Amino acid sequence: MHRIWSVPELLSLIFGCFDDKSDILRCALVCRAFSTEAARLIWKKVEDFSQLLGCFPQETILIELSGDSYEQNRTFRFLHLPHPSEWNQMRHRARMIKELTFSEFDNYDAVLEVIQRFKIDLAFPGLISLHLYISVVKRSQTFLPLFASSRLQELEINFEGYNDRLVNTTMEMLVAQAHPLRCLDIGAKSFPQLSQHCLIQILESSSSLDFLRFDLKTEHGEGVMEAVASLPNLRGIRVEFAGGDGERIAYSPGFPSLVSFDMWAPYTSVLAATRAITSPNIATLLVAVQNKPIEPPTGLFQTIGTMASLNSIILRFLNSESLRWADATPLLSLPSISRLDIWVGGLWVELDDEAISVISRTWPNLTSLRMSGRARLPESVTRPTLRGLAVLLAGCPILQDLGLEIDARAAQLQAALANTPPASSKPRGNLIFDVKTSLVTPNSEAAIADYFWTLWPGEWDISSDWIDGGWEGDTWENIRGLLQEEEGEGEEDEEEGEGEEDEEEGEGEEEGEGEEEEEGE
């Protein structure tokens with residue numbers, strides 16, 4: 001064998017091109033040099049701790065199954081103590097693991113008890129990323145003693161169920177182990193006060209933390225946010241509070257390096273957290289207000305309107321009855337928005353052609369615009385018309401995704417055809433258009449499809465929220481089909497045009513060759 005195949009770096013580069021682990025396993029059977037490097041890649045990422053137990057002979061481990069086929073639980077027990085050489089194999093593989101996952105449906109309490117009782121020195125010194133999904137209801141052990149020698153940079157722990165003792169023990173161990181975390185993800189249905197203090201200690205000692213996610217009850221999470229705001233290098237955060245209306249109305253200014261902010265919480269908690277953001281580089285904001293605000297959300301829009309570097313805004317008002325365009329106008333002070341998505345649990349009101357015109361003038365580089373609600377708008381409520389749609393498509397030429405309820409009834413269609421100039425005659429890209437429950441008149445499919453094609457000569461993908469089988473839904477589905485036919489005809493015309501150009505070029509070349517021959521004679 002050529003010496004080049006003994007270079008570990010080269011083998012690692014080649015084996016790393018395989019997407020399927022089975023291909024790497026086959027490489028491991030070629031020779032000793034291949035086997036050594038292939039093993040490092042195979043054990044680099046272990047998606048289930050039970051794979052490590054495969055180091056033991058089959059008759060060593062008993063697996064007890066319980067639960068249904070959708071959430072089948074596995075309990076692992078030793079039938080007899082493994083031989084020291086078998087433990088050595090497990091240790092050898094554990095040293096190679098960089099990323100490890102424990103499933104919430106697996107119970108290793110009996111295995112961990114044996115490891116602790118016989119003082120088996122199982123360690124994961126190379127581990128960087130750990131994912132623990134723990135169903136704590138019937139558990140008495142925590143996995144963390146195994147990772148005392150690890151230098152974890154990414155840690156995800158989700159506690160399913162209620163077991164305050166185990167949750168507290170786990171969090172206390174995390175404080176003691178002091179991992180150099182860059183990414184932390186904590187989720188718990190119950191997070192006692194001791195665990196909250198432990199989490200605050202972890203945050204205060206983790207200045208290198210780059211991303212944080214926690215999913216806790218509102219009363220448990222609000223006390224942690226103050227420590228989160230003081231993290232100097234935090235660039236991304238996702239917070240989800242469950243239950244309660246939120247009591248915290250203010251936080252100390254912080255979040256100095258934040259780029260992405262994602263929060264699902266009561267209105268008061270959301271408003272307090274967004275007002276605390278001081279980062280000049282905040283680019284993406286996703287906020288979901290879980291409860292019904294006791295006042296119009298003008299304060300939230302005003303706060304967001306001060307974040308000059310934002311380019312993507314997603315807002316969800318899950319239990320609001322209505323939202324007025326006037327409340328959202330502070331967003332118009334933001335110069336670089338490319339995505340705006342505002343959804344309300346009730347109705348969007350006062351959203352008309354004038355509002356759409358202002359949006360198109362303010363944000364010509366929009367790629368996604370969605371402004372919709374759960375409830376169907378009454379016919380008497382004003383909504384954008386086909387003329388407003390024309391202005392929007394003309395002013396936002398790179399739009400790719402649109403969710404907007406419009407008025408496309410016969411009167412509006414006639415007015416649009418009479419007064420609105422074509423938005424563009426140039427070919428456009430793909431446009432996904434969710435018309436929700438847009439108003440339409442029967443037998444108007446062909447006229448609307450032609451008008452849409454005039455405005456946007458490109459690929460259309462139209463969907464609606466009308467109930468299947470109703471004539472309104474069928475009408476929009478027919479419009480979608482007609483636009484796809486237009487697109488197919490346009491592609492055929494382009495192919496014919498290219499064919500004619502090729503023929504003309506061929507004829508020109510033949511004429512040129514004939515003239516050259518005559519000159520030669």
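Trainee: Which hand does the crossing of H13 and H15 have?

Mentor: The crossing of H13 and H15 is right-handed; a crossing counts as right-handed if the near helix is turned clockwise from the far one by less than a right angle, and left-handed if anticlockwise. This is a predicted model, where local features need pLDDT of at least 70 and side-chain atom pairs pLDDT 80 or more, while totals for chains, interfaces and linings use all residues. Residues are numbered from 1 along each chain as its sequence is written, and side-chain values use heavy atoms, without hydrogens and water.

Trainee: At what angle do the axes of helix H13 and helix H15 cross?

Mentor: Two packed helices are described by the angle between their axes and the distance between the axes. Here the axes of H13 (residues 386-395) and H15 (residues 445-455) cross at roughly 25° and come within 10 Å. Axes are lines fitted to C-alpha atoms over the stretch in contact, with angles from 0 to 180 degrees between N-to-C directions. H13 and H15 are therefore roughly parallel (angles under 35 degrees). Helices are DSSP runs of H or I, at least four residues, and strands are E runs of at least two, numbered from the N terminus.

Trainee: Which residues make the contact?

Mentor: Leu386, Arg387, Leu389, Ala390 and Leu393 of H13 meet Tyr451, Phe452 and Leu455 of H15, contact meaning heavy atoms within 4.5 Å.

Trainee: Is Phe255 buried or exposed?

Mentor: Phe255 is buried, with a relative accessible area of 2% (buried is under 20%, exposed over 50%, partly exposed in between, with a 1.4 Å probe and protein chains only). Phe255 has a positive phi of about 50° although it is not a glycine.

Key: Parallel < 35°, antiparallel > 145°, perpendicular 65-115°, else oblique.
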